Number of protein chains: 2
Amino acid sequence: MNYSKQRESMLRILRSTKSHPTANEIYMEMRKTDSKISLGTVYRNLNLLCDNGIILRIDTNHDSVHYDGCVEPHCHFVCSDCKRVFDLELDTSDLDDKVREETDFTVSGHSLVFYGKCNNCKD
Amino acid sequence: MNYSKQRESMLRILRSTKSHPTANEIYMEMRKTDSKISLGTVYRNLNLLCDNGIILRIDTNHDSVHYDGCVEPHCHFVCSDCKRVFDLELDTSDLDDKVREETDFTVSGHSLVFYGKCNNCKD
DNA sequence: CCTAAAACAATAACGATTACTATATTTATT
DNA sequence: AATAAATATAGTAATCGTTATTGTTTTAGG
């Protein structure tokens, strides 16, 4: 993987927010400083960074995929009203072992997403 | 919701398998007995059945959405090789309460998907 | 039977993502 | 610094899963 200033800029954006942006939101943010950036470049780099474990993909069932610059194990909450994605502190590191006990599968990890309404939307 | 033989047939298919088929797989299965069935009908009914809690949507991060005729709370394992979806017995009913303790959010449920390799693919 | 609501098949449209192509940038080598 | 190979890019076209539209058919209730 060679250096590219586009990819560096994407990583900077992802690591400076807790908003879990979508590909298009990252694209819009990048266009503020680089009007020539291509949406294809954003997608290609997001996949590259995911495949190398540098960022995290969050599938919310709701709309398009969200991305997280924080790869420390944690889980997420998606508000079914505003669709925002929140980080949760919940420790679920024991779950993978439970599945290993129950099955003969090789478990590499899990994705845990909670649904409901956030503080702003719950009334 | 009026009766329709297309929807009845879909439910029969979904409840008679543990394979968690995609919309297209259900469509292909239905075409065996009804060559006129429309893919739009399959999608419309899948959404209708999901919205009414009669079937379950499973988002695997991998490809298109899978559906489950069993709505009893359970979680899933997706093989990253063959992409098959397996049921797990794991009881995770306590997780929602843990999130309620940690946050002020209204929690309606969660989706828990494990990743790894199944027995067939792990070597 | 007759009517209104709901469902249908067929097809067009949409939005997110990926593929393609010709050009530019990065990195390693002389 | 010049060169060459590998990698990345912008721009655009194509793909794929899903949803919307339309005119017709089926269902359910009076």
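Biologist: What is the volume of the largest cavity?

Modeller: In this predicted model, the largest cavity has a volume of about 50 Å³. The structure holds one cavity of 30 Å³ or more.

Biologist: What makes this space a cavity and not a pocket?

Modeller: A cavity is a set of points where a 1.4 Å probe fits but cannot get out, whereas a pocket is an open set. The space of about 50 Å³ is listed as a cavity, so a probe inside cannot get out.

Biologist: Which residues line the largest cavity?

Modeller: The lining comprises A:Asp59, A:Asn61, A:Ser111, A:Val113 and A:Tyr115, together with B:Asp59, B:Asn61, B:Ser111, B:Val113 and B:Tyr115. By class, the lining has four nonpolar, four polar and two charged residues.

Biologist: Why is helix 1 of chain A called roughly perpendicular to helix 2 of chain A?

Modeller: Helix 1 (residues 5-15) of chain A and helix 2 (residues 23-31) of chain A pack at an angle of about 110°, and their axes are 10 Å apart. Angles of 65 to 115 degrees count as roughly perpendicular, and therefore helix 1 of chain A is roughly perpendicular to helix 2 of chain A. The crossing of helix 1 of chain A with helix 2 of chain A is right-handed.

Biologist: Which residues of the two helices of chain A meet?

Modeller: From helix 1 of chain A, A:Gln6, A:Ser9, A:Met10, A:Ile13 and A:Leu14 meet A:Ile26, A:Glu29 and A:Met30 of helix 2 of chain A. This contact has five nonpolar, two polar and one charged residues.

Terms used:
Residues are numbered from 1 along each chain as its sequence is written. Chains are lettered from A and ligands numbered from 1 in the order in which they are written. This is a predicted model: local features need pLDDT of at least 70, side-chain atom pairs count only at pLDDT 80 or more; totals for chains, interfaces and linings use all residues. Side-chain values use heavy atoms; hydrogens and water are left out. Axes are lines fitted to C-alpha atoms, for helices over the stretch in contact, and angles run from 0 to 180 degrees between N-to-C directions. Helices (H or I, at least four residues) and strands (E, at least two) are DSSP runs, numbered from the N terminus. Angles under 35 degrees count as roughly parallel, over 145 as roughly antiparallel, 65 to 115 as roughly perpendicular and the rest as oblique. A crossing is left-handed if the near helix is turned anticlockwise from the far one by less than a right angle, and right-handed if clockwise. Contact means heavy atoms within 4.5 Å. Ala, Val, Leu, Ile, Met, Phe, Trp, Tyr, Cys and Pro count as nonpolar, Asp, Glu, Lys and Arg as charged, and the others, Gly among them, as polar. On a 1 Å grid over the protein atoms alone, a cavity is a set of points where a 1.4 Å probe fits but cannot get out, and a pocket is an open set with protein on both sides within 12 Å along at least five of seven lines; lining residues have an atom within 4 Å of a point. Grid points are joined across faces, edges and corners, and a volume is the space filled by probe spheres set on the points.
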